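Please look over the structure shown below before reading on. The briefing that follows takes up its pockets, its ligand and some of its strands in turn.

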Amino acid sequence: MSDIESFIRRLPKAELHLHLEGTVTPATLVELSRRHDAAPITLPEAEALYHFTDFNGFLLAFKAVSERLLTPADYELAAWRMAQRLAEQGVMHAEVYISVGVIYHWRNPDPDCFDPIFAGLERARLRAEIELNLTLYWILDAVRHFPLDETEKVFHKAAQLHASHPSVVGIGLGGDERRCGSEPFRAMYARAKEAGLRLTNHAGETTPPQAIWEALSIGSERLGHALSAIDDPQLMDHLKVRGTPLELNPTSNVRTGVCPSFAAHPLRRYFEAGLLVTINSDDPAFFGSALASEYLLAHTEQGFSRDELRELAANSIRASFLPDVTKRSWLSQITEAH
Ligand code: ADE
Ligand code: ZN
């Protein structure tokens with residue numbers, strides 16, 4: 001491991017944009033398939049699923065994996081393996097999207113079917129806290145292009161769980177922005193906020209800046225991707241003045257074909273413009289990404305110095321939903337990391 005790689009490993013970091021389903025590797029998928037399928041898929045077949053060339057192909061692959069995550073034990077296994085990989089990279093906190101919208105749409109419309117699955121996730125979370133010193137928060141994610149009443153169910157379940165489980169920290173919207181923006185979710189976001197949930201939203205990944213303005217207008221606090229903000233100087237200024245945290249995912253954007261290369265990603269320009277940027281891996285098993293390698297690529301492809309990488313790590317803490325006292329403690333450890 002090079003000097004810079006071991007520095008990145010030692011730097012305490014938070015991952016703020018990570019989909020549990022997107023952490024399931026082909027090998028784990030085969031294991032899940034053996035649990036459930038009469039004719040289990042082979043490793044080459046599983047690997048083939050992950051070979052897509054555009055955003056639509058990615059969404060289909062994401063669906064194929066989600067369909068094989070069935071039982072509470074499946075979710076517990078996926079979450080535990082995810083936690084192990086995070087801890088290996090020096091990640092001490094992660095806020096993880098769970099695509100509850102996919103469960104309600106493809107598998108079971110009963111809102112309470114998520115409860116036993118959630119119990120499995122919580123078992124993995126507690127084990128990660130004890131054995132790996134890694135804290136996890138859950139963000140319940142709906143799929144924006146599915147029927148609105150399904151999103152309503154996801155956010156209602158989030159509010160219900162949040163009341164008794166502080167680990168359920170927020171809600172989010174993934175899926176295809178080209179098919180549905182944010183406006184239809186205005187009232188649901190207001191209700192989620194009233195319930196004490198934090199509001200995230202995928203915005204401007206495959207869509208123009210207008211989609212980001214719309215996401216902000218319904219109260220989204222933290223934005224996933226925000227790739228197209230670079231095309232709108234007024235929006236850049238607005239994001240800076242408001243200090244809106246951005247969950248950027250450069251490798252993901254390259255792999256889904258919405259950005260030509262890591263070097264061309266606006267990360268550096270956002271950083272220099274004073275935006276509150278964080279880097280994240282999104283769906284690491286699909287994109288061959290990992291948080292530590294995003295930091296390394298920021299260094300090799302965009303010239304981020306050690307101190308600038310330290311600033312990215314500090315931003316990941318500032319933009320997290322951790323309590324202030326915990327943030328202060330991690331920030332001072334980041335200052336001391338060498
Ligand atoms: N679900 C998982 N990853 C996603 C992404 N990058 N964009 C939209 N929906 C997603
Ligand atoms: Zn995402």
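Which elements each supply at least two residues of the lining of the second largest pocket? They are β1 (13-19), α5 (72-88) and α14 (284-287), where helices (H or I, at least four residues) and strands (E, at least two) are DSSP runs, numbered from the N terminus. This is a predicted model, in which local features need pLDDT of at least 70 and side-chain atom pairs count only at pLDDT 80 or more, while totals for chains, interfaces and linings use all residues. Residues are numbered from 1 along each chain as its sequence is written, chains are lettered from A and ligands numbered from 1 in the order in which they are written, and side-chain values use heavy atoms, with hydrogens and water left out.

**The second largest pocket**

- A pocket here is an open set of points on a 1 Å grid over the protein atoms alone, where a 1.4 Å probe fits, with protein on both sides within 12 Å along at least five of seven lines, and its lining residues have an atom within 4 Å of a point.
- The second largest pocket has a volume of about 190 Å³, a volume being the space filled by probe spheres set on grid points that are joined across faces, edges and corners.
- Its lining consists of 15 residues, and those nearest its centre are Arg85, Gln89, Pro284, Ser289 and Ala290.
- With four residues, α5 gives the most to this lining.
- The lining of the second largest pocket has seven nonpolar, five polar and three charged residues, where Ala, Val, Leu, Ile, Met, Phe, Trp, Tyr, Cys and Pro count as nonpolar, Asp, Glu, Lys and Arg as charged, and the others, Gly among them, as polar.

**The largest pocket**

- The largest pocket has a volume of about 370 Å³, and of the 24 residues that line it, Leu59, Phe62, Val143, His145 and Gly175 are the closest to its centre.
- Seven residues of this lining come from α4, which is the largest share.

**Ligand 1**

- A nitrogen atom of ligand 1 lies 2.7 Å from an N or O atom in the side chain of Glu205, and a nitrogen atom of the ligand is 2.8 Å from an N or O atom in the side chain of Asp282.
- At Gly175, a backbone N or O atom lies 3.0 Å from a nitrogen atom of ligand 1.

**Parallel strands**

- Strands β5 (residues 198-203) and β6 (residues 222-225) pair in the parallel sense over four bridges, pairing being assigned if DSSP finds at least two bridges between two strands.
- Within this pairing, His202 has Gly224 of β6 as its bridge partner.
- β6 also runs parallel to strand β7 (residues 246-248), to which two bridges join it, and there Leu223 stands opposite Leu246.

Note on methods
Polar contact = N/O pair within 3.5 Å; in protein donor to acceptor, adjacent residues only side chain to side chain.
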